Each structure stands twice: as C-alpha cells, then as structure tokens.
Amino acid sequence: MATIVDITEEKALEVKDFQFTYASADAPSIKTLNMPIAKNNITALIGPSGCGKTTLLRSFNRIHDLYPGNKYDGEIIFKDRNILTSKEDLISLRIQIGMIFQKPTAFPMSIFDNVAYGMRLQGIKNKTELQDRVEKALKDAAVWKETKDRLKHDANGLSGGQQQRLCIARAVAVEPEVLLFDEPTSALDPISTAGIEELIVELKDRVSIIIVTHNMQQAARVSDYTGFMYLGELIELGRTEELFVTPKEKLTEEYITGKFG
Ligand SMILES: Nc1ncnc2c1ncn2[C@@H]1O[C@H](COP(=O)(O)OP(=O)(O)OP(=O)(O)O)[C@@H](O)[C@H]1O
C-alpha cells in the first residue's frame, strides 16, 4: 500500500485501482495504482527508468488508445466521470487534458496556425476571436515578443525552447483543465529550461499540472506534490518539500539519496 498524504485541496483527477497493460506485454506496466491529483497544483512523478511514469501520464488523456490492444482497468475520475469507460469524444478529452511532449512538436504550419489549431477543432471560425486568442496564448506562454512579427512564418524556424513555448501556447489556447508535461525540458538548454519551469509555475493558477521528470531538482523546484513510483506502483505521494526532506518510505529515501536509480 502506498503512503499517500492527505490532500486538502479539491481534486483535479483521482486514480482508483488503476492498471495498465500494453498490447504486447504479458504483465501490467501499472499495477493497481491509487492516486489523487490536487487541483491548481503541480504534481511531479519521479522514479527510476521503466517504473511507469510516462505510461501513467499518457493514461490521463488516453493517448494509449492510438495503439490497438492496450488495456486499462480501474478508474480515472475527472469531473465526476470515469474517463476510461465514458463514451466521450477523445479529441474533446485531449483538449481538456492537454499534453506537452519531451521533444517540441510544432506542427508543419505557421506559428499562427499552430496556436489556432485546437480552437479551430473546437469550431471557432471568427477571425478576430482567433487573432485575439492566439495573441493571448502566445503572451501566456511568454513567446509573444519573439513571434509577433512572424506569425505567418513556419513554426519550425523557431528555436527548440521557443517551439516548446509554442506547444504550451497551443495547449493553453483551448483553456484546458489539466496539462500533462512529459519531461518537457530534457531537450532544452539550461536557460530555456529555467524559462519553461517558471512558466509551468505561473500556469498553475489556471490549470492543474502533472509533470514527469528525471530531474529530481526540477521536481523539487516546481512541484507542490511529488509521487515516487517504482516497478509500476506508486510508493509514496507527499508534499514535495516533505517527500524530499523526510520521506516516509524507505524506498523513497533510497531513491532520492541516490542509492539506486
Ligand atoms: N509500447 C510499449 N509496449 C510494451 N511495453 C512498454 C511499452 N512502453 C513502455 N513499456 C514498458 O512499460 C514499463 C513502464 O515504462 P514507462 O515508459 O512508462 O516508464 P518510465 O518510468 O516513464 O521510464 P523512463 O523514465 O525511462 O521514461 C516498462 O517496463 C516498459 O518497458
């Protein structure tokens, strides 16, 4: 049984008896995991390679459904429904629970069209509304200054750090409830990394954030809660400063003090 701190805030998501098995695997990669995710907070997922961080993160917006045969069991509750069994449109779910990947994934189109992409999927056609919301999203993602004079240019002409901000602008433009970050700075230099970390912290007033990171310093810098995973299980979920200073579980302590990893 995992050690899970009492979460006093409202919950953005609640994972209940969740299991996940890849189509090609004999055994589940996530084994009966329970975990609350606090609303308007940042939750970091840490743990050694292969412990299931990315698998869990990708379950929150059902990215695994893109590949046939993957199997979910249990529940992930989001806004009073189990997203694993509800019959809703997955595009709409992924707008409400957006994802930022490790490698910046600018689409092969203009900067403007990248940010407008999700809004157009939502059916917004009004030009002025699109322009206003693209500008706001680029400002929110702190990349307006570098892009305002080249909105019609190909997004692939931006630097890696700028492209990652563009991806964040694209995700926030549709006003999601949750954002999932999968090692969002591992392909970036230290200055871009610091900028993205600052941005993630600013965003939590509006969205609930889950971030997978290999970098324990990053988890300690940005997150409010940290979940330590090991071999497909959650071992401990705690307030970040407590988990790093006074972990309750021996395995957590061994991991954060570098005894394995
Ligand atoms: N597409 C797949 N098919 C089968 N097994 C997979 C697949 N992707 C991941 N796995 C397995 O699921 C387990 C969890 O992998 P996952 O990538 O979620 O771990 P992780 O903690 O994110 O690792 P890392 O820190 O190295 O990214 C591992 O045993 C991995 O080998």
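**Helices, sheets and ligand**

Modeller: Happy to, and keep in mind that this is a predicted model. Helix H3 (residues 111–121) packs against helix H6 (residues 160–173) at an angle of about 30°, and their axes are 7 Å apart. That angle makes H3 roughly parallel to H6.

Biologist: Which hand does the crossing of H3 and H6 have?

Modeller: The crossing of H3 and H6 is right-handed.

Biologist: And which residues make that contact?

Modeller: From H3 there are Ile-111, Asn-114, Val-115, Tyr-117, Gly-118 and Met-119, and from H6 there are Leu-166, Ala-169, Arg-170 and Ala-173. Sorted by class, the contact of H3 with H6 has seven nonpolar, two polar and one charged residues.

Biologist: Nice. At what angle do H3 and H4 pack?

Modeller: H3 and helix H4 (residues 127–140) pack at about 110°, with their axes 9 Å apart. That makes H3 roughly perpendicular to H4.

Biologist: Which residues meet there, in H3 and in H4?

Modeller: On the H3 side, Phe-112, Val-115, Ala-116 and Met-119 meet Leu-130, Arg-133, Val-134, Ala-137 and Leu-138 of H4. The contact of H3 with H4 divides into eight nonpolar, no polar and one charged residues.

Biologist: How do the axes of H4 and H6 cross?

Modeller: Their axes come within 8 Å and cross at roughly 125°. H4 and H6 are therefore oblique to each other. The crossing of H4 and H6 is right-handed. H4 contributes Arg-133, Val-134, Ala-137, Leu-138 and Asp-140 to the contact, while H6 contributes Ala-169, Val-172 and Ala-173. By class, the contact of H4 with H6 has six nonpolar, no polar and two charged residues.

Biologist: Okay, on to the strands. What is the order in the open sheet of seven strands?

Modeller: The order is S1-S11-S10-S4-S9-S8-S7, and the pairing is mixed. Strand S1 (3–4) and strand S7 (97–100) are the edge strands, each pairing on one side only.

Biologist: How many bridges join S1 to S11, and do they run parallel or antiparallel?

Modeller: Two bridges join S1 to strand S11 (residues 233–239), and the strands run parallel. In that pairing, Thr-3 stands opposite Glu-236 of S11.

Biologist: Which strands does helix H7 lie across?

Modeller: Helix H7 (residues 190–203) lies across strand S4 (42–46), strand S8 (178–182) and strand S9 (208–212). H7 runs at about 150° to S9.

Biologist: And the sheet with four strands, what is its order?

Modeller: That open sheet goes S3-S2-S5-S6, and its pairing is antiparallel. Its edge strands are strand S3 (30–38) and strand S6 (81–82), each of which pairs on one side only.

Biologist: How many bridges join S2 to S5?

Modeller: Six bridges join strand S2 (residues 11–21) to strand S5 (residues 71–78), and the two run antiparallel.

Biologist: Last topic, the ligand. How many residues surround the ligand, and which are the closest?

Modeller: There are 13 residues around the ligand, and the closest are Tyr-22, Ser-29, Ser-49, Thr-54 and Thr-55.

Biologist: How does that shell divide into nonpolar, polar and charged residues?

Modeller: The shell around the ligand has three nonpolar, nine polar and one charged residues.

Biologist: Great, thanks for the tour!

Note on methods
Residues are numbered from 1 along each chain as its sequence is written. This is a predicted model: local features need pLDDT of at least 70, side-chain atom pairs count only at pLDDT 80 or more; totals for chains, interfaces and linings use all residues. Axes are lines fitted to C-alpha atoms, for helices over the stretch in contact, and angles run from 0 to 180 degrees between N-to-C directions. Angles under 35 degrees count as roughly parallel, over 145 as roughly antiparallel, 65 to 115 as roughly perpendicular and the rest as oblique. A crossing is left-handed if the near helix is turned anticlockwise from the far one by less than a right angle, and right-handed if clockwise. Two residues are in contact if their C-beta atoms, placed from the backbone, lie within 7 Å. Ala, Val, Leu, Ile, Met, Phe, Trp, Tyr, Cys and Pro count as nonpolar, Asp, Glu, Lys and Arg as charged, and the others, Gly among them, as polar. A residue is near a molecule or strand if its C-beta atom, placed from the backbone, lies within 6 Å of it. Two strands pair if DSSP finds at least two bridges between them.
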